[in-house]
Amino acid sequence: MIGAGRSEAEGRRGLVDRCIDAAAGSAESVEKWRRQRRTLERLPTQLADALFHRLLRRGLLYPTLLEVFQHCVEEVDLHGENYVDAEWMAYLGAFRYMRILNLEGCRGISNSSLWSITGMTTLRELDLSRCTRITDAGLEHVLSISNLEKLHISETKLTSEGIRRLSSLVNLRVLNLGGLPVNDQAMTSLQVLTQLEYLDLWGSKITDQGAAMLNMFPKLNYLNLAWTSVTKLPNLPALVCLNISNCTIYSIFEGDDTVKAPLSKLFVHNTTFFDVDEAFSCEKVCYLSVLDLSYSPICNFNFLANTRLLECLDLSFSQMTDGLIDLVASVGFNLKDLNLSNTKVTSQALCLLAGNVPNLERLSLSKTSVDDASLQYLSMMPSLRIIDLSKTSIKGFYYLEGSKLDKTSSVALLQNLVHLENLNLEETQVRDEAVHDLVMLGGLKYLYLKSDFLSDISLNAMSSLTNLTYLGLQGAVLTNQGLYLFRPPAQLHVLDLRGCWLLSMDNVASFCKDFPLIEVKHEWVKTLPTDQNVQLGSSPMHRTTQEEKLKAKAKKPGQSQCRLKKDHFADERIKYSREDLLELQFSSLSDMLANLHTVLPKGLMKE
Amino acid sequence: MSPEMKKEETVKLISAEGFEFVVDKQAAMVSQTIRNMLTSPGNFSETQLGEVTFPEISTPILEKICQYFYWHLQFASGKETEFHIEPEITLELMMAANYLHT
């Protein structure tokens, strides 16, 4: 079955994709075609771009090879590639048709290396975010690219003096200045950029004075002012998306204008409001579809009654309670995504929501005090696809009224939810018995069950969930025999067994060998490349950091006191008392660390 | 089998150099472009004669394309083999495949 799935994907790949794969097969293959200059010149852009980026991902691209692409590639995405330096830039400068250049996070890019893209008339989009060596001196080269429409230059070393000079790029539509010291003086200079539609100023030094100038941008539809000291926002009639997280706000969109912003996305994560009702008056919130109120200190949620188009509402870590939830229920009709994690809501809140949220697809109740009674209310939310109940006191069963003996399965109630495919029950009080009832939820694709109390019984029950593609059983007390007898569902793609400390290395290895298409996550498998891409991408630097981490771990005291040979784990846990098991838990870690750098069994090596 | 029937079942693909490849219609239909040419309504010469000329595709590349058509049919019917592409022809084959929507 699994084999069939793979060849189906193989069969769907077209000849074009196969050719790109073959061309980027190895350094030798590249040598075979790189002299075909005339063919390369005729290569359609989308093919050239695809070949270019596949070579890049496989580590086969080097500066002198860039030359063959200078007539055909239009989009270059090198983000995060630290080895990109002045030599690369010199070749990229000769790309005659380059429209987009993404150098985000390329720490090798210096001011002088930007010289080669000076005056490049074809370039429309440039991303230099997190290029930490770029200063005002480097900006000179960027300013010469007069056709630039999109510029991302956040988290570089630019000063407000340098930022003022951006005013010469009059075609800019998108400008990302996040994390830069933009002040009110700089804003004064930038006022001439009247084409701006997108402006990111998070963490800048602008004050209300600078914010008042924002209405000089008539087309502005995206604005991020998070982490600034702005308290008053002028009316911005075109604004669609606003982020004022971590600010203290006195007023937004004040002014005489009758036209108010058609705001559809608002992010007020941890934002303090002077007057909530004023800030969120009806005409300001009536078009909202996305609202992020996470960590919000506000207690007055009356404005929610006006947000009738709301689809996505994040209330995590907010002051939402059972008493206020009817405000959410009243605008629940369009809700698709609701996050109530880490709030004071209980099952009572879900009782009020049930029946009012017919379109709700995703609900998070993580770390709330909901219990098994909530599951019957959840079963009345017909569109639910994703439910997060992690870190709650869900047990998976409840006692019928008046009886302390008559147990009834509560998870079975979720059977009504025909769309349910993702269920998170990590760190709940669900035990083997209740997990067995989960088998009734045949549509599940993702199941998270991290728990210290689940055993082989739970693992084996999962064989019947035929649609399961992801199974997380972190920390479970699984034995070697349990894993050996486990018949994974045909679609299973990932099996997360991290922290299942009773499993031996040989046992995990033989499971990996028997089911090569399942990605097993376990301490024994950690150091191995999960796929070819990782293998090719692993630089020496990457490896040292991993080693350092492991060394740091090994240094922790108390873990190496009791060291046992790995053969000992083959025994059943019945042989040990609880104290023994706890000791073993620590020793398995140190034992694993000792073994990591020695020879691995053949079964663990990727074929 | 009458000649008319035979014409129905095969198509003639002609390379830039004028070399003719006669292949099963079913195989040629792996290419979305050829499928459109052969099934489009109206009196296009391609539809009528069952002949398609590719002035941009050289003989060796068209041969490889034809091989791919048959390999694709085999693969679809369950015979799993590798389709090997020589690195020397990858670029030209890529362009031809792109044009043919294969």
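Where does K367(A) lie? K367(A) lies in the loop between β17 (362–364) and α16 (373–378) of chain A. This is a predicted model, in which local features need pLDDT of at least 70, side-chain atom pairs count only at pLDDT 80 or more, and totals for chains, interfaces and linings use all residues. Residues are numbered from 1 along each chain as its sequence is written, and chains are lettered from A and ligands numbered from 1 in the order in which they are written. Helices (H or I, at least four residues) and strands (E, at least two) are DSSP runs, numbered from the N terminus.

**Chain B in outline**

- Chain B has six helices and three strands, and along the sequence they follow the pattern α-β-β-α-α-α-β-α-α.
- Of the 102 residues in chain B, 27% are buried; a residue is buried if 20 or more other C-beta atoms lie within 10 Å of its own, exposed if 12 or fewer, and partly exposed in between, with C-beta atoms placed from the backbone.
- Among contacts in chain B with a separation of 6 or more, 67% are between residues 24 or more positions apart; two residues are in contact if their C-beta atoms, placed from the backbone, lie within 7 Å.

**The sheet of chain B**

- Strands of a sheet pair through backbone hydrogen bonds, either parallel or antiparallel.
- In chain B, three strands form an open sheet with mixed pairing, in the order β2-β1-β3; two strands pair if DSSP finds at least two bridges between them.
- The edge strands of chain B are β2 (20–24) and β3 (51–53), each with a single partner strand, so one side of each has no neighbour in the sheet.
- From one strand to the next, the twist averages 25°; axes are lines fitted to C-alpha atoms, for helices over the stretch in contact, and angles run from 0 to 180 degrees between N-to-C directions.
- Strand β1 (residues 10–14) of chain B runs antiparallel to β2(B), and five bridges join the two.
- K12(B) stands opposite V22(B) in β2(B).
- Helix α5 (residues 59–76) of chain B packs on the sheet and touches β1 and β2 of chain B, with its direction at about 5° to that of β2(B).

**Where the chains meet**

- The contact takes 20 residues from chain A and 17 residues from chain B.
- On the chain B side, α5 and α6 (90–100) are the elements that give two or more residues, and α6(B) supplies the largest share, eight residues.
- The residues on the chain B side are eleven nonpolar, three polar and three charged; Ala, Val, Leu, Ile, Met, Phe, Trp, Tyr, Cys and Pro count as nonpolar, Asp, Glu, Lys and Arg as charged, and the others, Gly among them, as polar.

**Two enclosed helices**

- Nine of the eleven residues of α6(B) are buried, so this helix is largely enclosed by the rest of the structure.
- The cover over the buried residues of α6(B) includes α2, α3, α4 (37–42) and α5 of chain A, together with α3 (32–39) and α5 of chain B.
- Helix α2 (residues 15–23) of chain A is also largely enclosed, because seven of its nine residues are buried.
- The buried residues of α2(A) pack against α3 (27–33) and α5 (45–57) of chain A, together with α5 and α6 of chain B.

**Positive phi angles**

- K367(A) has a positive phi of about 55° although it is not a glycine, and K367(A) is partly exposed, with 18 other C-beta atoms within 10 Å.
- E155(A), also not a glycine, has a positive phi of about 55°.
- E155(A) is found in the loop between β4 (150–152) and α9 (160–164) of chain A, and is buried, with 20 other C-beta atoms within 10 Å.
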